[in-house]
Amino acid sequence: RSRANAGKSSGSPISGTRPRARNLGAAAARGGRPERRARPRSNKALRSATSPQPISKIRVTLQAGDVYAAISNMSFQITIKPSDHAFPCAGDETVLEAAMTADLLLPYGCRNGACGTCKGRILAGDVDYGLYQATTLTDDERRAGLALFCCATPLTDLVIEVREVRRAGDIPIKRLPCRIESIAKPAADVAIVRIKLPANERLQFLAGQYIDFLLKDGKRRSFSLAVAPHDDALLELHVRHIPGGLFTDPLFTQFKGREILRLEGPHGAFYLREESDKPMIFVAGGTGFAPIKAMLEHCFHQGIDRPIVLYWGARALADLYMPHLPGEWQTAHANFTFIPVLSEASPGDAWPGRTGFVHQAVLDDFRDLAGYQVYACGAPAMIDAARRDFIGLRNLPAEEFFADSFTIAGETEARSG
């Protein structure tokens with residue numbers, strides 16, 4: 001209850017009204033007369049006691065932590081020029097983080113104020129510039145209205161000017177050192193490799209793209225990124241062992257972790273087309289699951305509610321090397337369905353599910369694909385069969401078939417994920 005309302009309903013002699021009966025009863029219960037309240041010296045004193053303090057007086061009592069807490073709980077509107085894209089941003093969230101949450105891609109390279117890739121202009125509004133390297137954003141640049149959006153948090157609504165990433169070609173290709181952080185082997189011939197970049201570097205990419213490892217002899221080996229862009233603290237690769245492989249042989253037989261490598265990326269035009277509202281069918285063969293995992297995690301993170309079906313094909317049950325993850329997605333997301341398919345299930349698998357070629361399972365389930373998008377990743381034979389039959393037999397528009405084929409590198413080693 002506010003002070004003003006309390007004063008009006010108190011029945012105090014100060015206001016010239018009779019005390020309420022309950023106050024009299026309480027006084028009688030104490031065996032005495034009702035207690036009179038002291039009269040203020042003047043009406044001015046009364047106003048001072050019951051009126052809110054001027055804002056200027058309140059402000060001086062706030063501590064820095066109080067101000068930060070108040071701003072952190074606020075939400076501001078950010079508008080990008082010249083596109084006029086707009087998105088909300090919490091007071092404790094950087095402009096870059098909020099843009100990524102809203103699925104608007106701004107360029108970045110480190111996320112900690114070291115590289116300057118995310119630098120843009122503030123056209124209207126105020127920010128907390130955050131922590132950054134002084135050489136990356138100079139005082140003159142700040143006075144000119146520039147800020148680093150990976151560090152800056154809003155204090156008001158903002159209008160900013162910055163280049164947006166609209167397609168894969170808008171993302172700069174980088175060469176970076178990296179370190180193998182861990183190697184896990186969920187199947188005899190599959191390794192899940194997590195790699196770490198230098199502290200001041202991040203790799204911007206679209207879900208579904210791949211990187212190249214640059215080997216000492218000048219050769220390259222390509223692997224799809226298995227993480228979504230929002231979850232890039234460690235990059236994840238799914239690597240199948242190719243006997244005699246220039247890279248995979250050492251990985252499976254010699255590497256223990258902590259090895260230093262060089263990578264280049266991102267590469268590739270296999271990424272989610274988010275401007276569409278069509279239902280999506282994902283077809284993965286073996287470690288072709290890697291980029292599709294990244295795409296699906298991006299969909300779930302962004303709250304994309306288009307109907308999604310994942311067909312994951314493998315030879316035997318052991319080759320479905322992350323079987324529980326799609327099942328968890330299916331439980332958590334009503335718009336997602338998972339259909340595993342085994343082509344050579346052994347009697348020991350006791351497999352109760354679908355069998356045969358994975359693209360044939362799609363043909364069996366859909367009589368018409370005219371209103372769909374298809375994303376397929378795996379061996380060249382699977383990709384070629386899916387493209388031919390989905391377009392030729394099921395009316396899938398050719399421009400709605402997106403694929404990444406794991407082709408042969410040299411004569412001995414395929415791209416494994």
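Contact means that heavy atoms lie within 4.5 Å. The model is predicted, and local features need pLDDT of at least 70, side-chain atom pairs count only at pLDDT 80 or more, and totals for chains, interfaces and linings use all residues. Residues are numbered from 1 along each chain as its sequence is written, and side-chain values use heavy atoms, with hydrogens and water left out.

View 1. E264 counts as buried because its relative accessibility is 8%, where buried means under 20% relative accessible area (1.4 Å probe, protein chains only). Leaving aside residues up to four places away in sequence, E264 touches I173, K174, R175, I211, D212, L214 and R220.

**View 2. The largest nonpolar core**. A nonpolar core is a set of buried Ala, Val, Leu, Ile, Met, Phe, Trp, Tyr and Cys residues joined through side-chain atoms within 4.5 Å. This core has 33 residues, of which F282, F289, L296 and L310 touch the most other members. Among the elements giving two or more residues to the core are β14 (280-285), α9 (289-302) and β15 (308-314). The largest share, seven residues, comes from α9. In soluble globular proteins, nonpolar side chains tend to be buried together.

**View 3. The contacts of F289**. Not counting residues up to four places away in sequence, F289 touches H238, A284, L310, W312, Y321, M322, L325, P326 and W329.

Methods:
Buried < 20%, exposed > 50% of the residue type's maximum accessible area, 1.4 Å probe, protein only. Helix = DSSP H or I, 4+ residues; strand = E, 2+ residues; numbered from the N terminus.
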